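Visitor: Could you walk me through this one? I'd like to start with the annotations and then move on to the helix packing.

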Amino acid sequence: MGDTIEIDGSVLEGGGQILRLAVSLSSLLKKSIKINKIRASRSKGGLRPQHLKGIQMAREMCNGNLTGAVIESTEIAFRPGDLKSGQFEADTQTAGSVGLIMQVALPIALYGPSSTTLKLKGGTNADMAPPIDHTMNVFLPMLRKFGGECECSILKRGYYPRGGGIVEVRISPVDTLKPIHLTTFGTLTRIWGRSYVAGSLPIKMAHEMADAAQRILKKVENDNAKVNIERVKESSQDAVGNGSGITLFAETDSGCILGASALGSKLIPSVEVGVKAANELVNTILGEYCVDPHTQDQIIILMALANGKSIVKCGPMTQHTETAIFIAEKLTNAKFVLNEDQKHVKFLECDGIGLKNTNLKKVS
Ligand SMILES: Nc1ncnc2c1ncn2[C@@H]1O[C@H](COP(=O)(O)OP(=O)(O)OP(=O)(O)O)[C@@H](O)[C@H]1O
């Protein structure tokens, strides 16, 4: 299995993403790792429930050995074994994001011997994490472009501070991932979204967020892509606790899928929540970027593993993306290059390692 690779959890973004990426890649490449200074750049450093549950799930999925995994721990060692498929469950027992648990577990499931089901409990729409809607409407369609198949259902939504959301994720194994070429923005074919309130919050807030977003998105709509934002008051069967927010999406005829979102809070007027999300989406659209700033870092692992050269037209690199590239290059032989043409348009390129799923069960 070779020597243990030491990873400094405080580099660049210095957050939970380093841990998730390193543990996924360690499981897939069968390389033992040690991570120290975990989440050193965060005010409450060390492992939080969502990080802990994520790496524990990864350990189970690869019959691995994990030491140092307790809440607030700043150092763990992870020794992977053989990947297995099946059913796995994780419950953060907080509003810790289910989307972030998916970030660590999903790549591992792609390289299992057969299909895997994950049952994840926690926050479905949490701060500083992918809302489940973004994962389903943007990340999973992107994964499909790489040849990965994954279905996700929301059984219940859960918000800060209670959590209690439940999602079920079914992942099919791949043989290898394909590289992607997403270099042309094209023309918008659809702009849609969901503005929601849950618990005791009034539907009026959903209308305020949606109306504010709609006014801004008018700038970019066309005859084929009119803004269509659903306004929802979630019932107590559908959601645990109070929550509000808006998720927005856009699609183009060249296959770009973009998202943006904002969460409501007592401190922010609903109109501002709608404006924030809409401005974020408009920035990506006017920049004609083929991925939004959050998807940018989330596809790095897929580009690194894919079989060949991926090219993606991007906006400014986020620090999360730089961090993801740093970890991917440290643990794999993939090489990332950011090229700029004469008009300063950026293209992120990666020669992926073409990881083959040697565990795949032949279906006769
Ligand atoms: N609004 C959003 N939409 C989609 N993805 C998001 C959104 N906000 C954050 N993300 C994604 O969530 C991940 C957050 O990574 P980060 O390292 O900040 O994680 P974390 O585990 O929450 O750790 P920490 O608490 O240490 O910040 C990144 O992949 C980022 O792109």
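**Annotations and a helix pair**

Guide: UniProt (unreviewed entry) lists "domain: RNA 3'-terminal phosphate cyclase insert" for residues 184-285. This is a predicted model, where local features need pLDDT of at least 70 and side-chain atom pairs 80 or more, while totals for chains, interfaces and linings use all residues. Residues are numbered from 1 along each chain as its sequence is written, and side-chain values use heavy atoms, without hydrogens and water.

Visitor: How far apart are the end C-alpha atoms of residues 184-285?

Guide: That span is 30% helix and 37% strand. Its end C-alpha atoms are separated by 12 Å.

Visitor: Is H320 buried, exposed or partly exposed?

Guide: The "active site" annotation in UniProt (unreviewed entry) covers H320, and annotations may be inferred rather than shown by experiment. Buried means under 20% relative accessible area, exposed over 50%, and partly exposed in between (1.4 Å probe, protein chains only). H320 has a relative accessible area of 30%, so H320 is partly exposed.

Visitor: How do α1 and α9 run relative to each other?

Guide: Helices are DSSP runs (H or I, at least four residues), numbered from the N terminus. Helix α1 (residues 16-29) packs on α9 at about 25°, with the axes 10 Å apart. Angles under 35 degrees count as roughly parallel, so α1 and α9 are roughly parallel.

Visitor: Which residues in α9 meet α1?

Guide: Contact means heavy atoms within 4.5 Å. From α1 come Q17, I18, L21, A22, L25 and L29. Their partners in α9 are H320, T323, A324, I327, A328 and L331.

Notes:
Helix = DSSP H or I, 4+ residues; strand = E, 2+ residues; numbered from the N terminus. Axes fitted to C-alpha atoms, helices over the stretch in contact; angles between N-to-C directions. Parallel < 35°, antiparallel > 145°, perpendicular 65-115°, else oblique.
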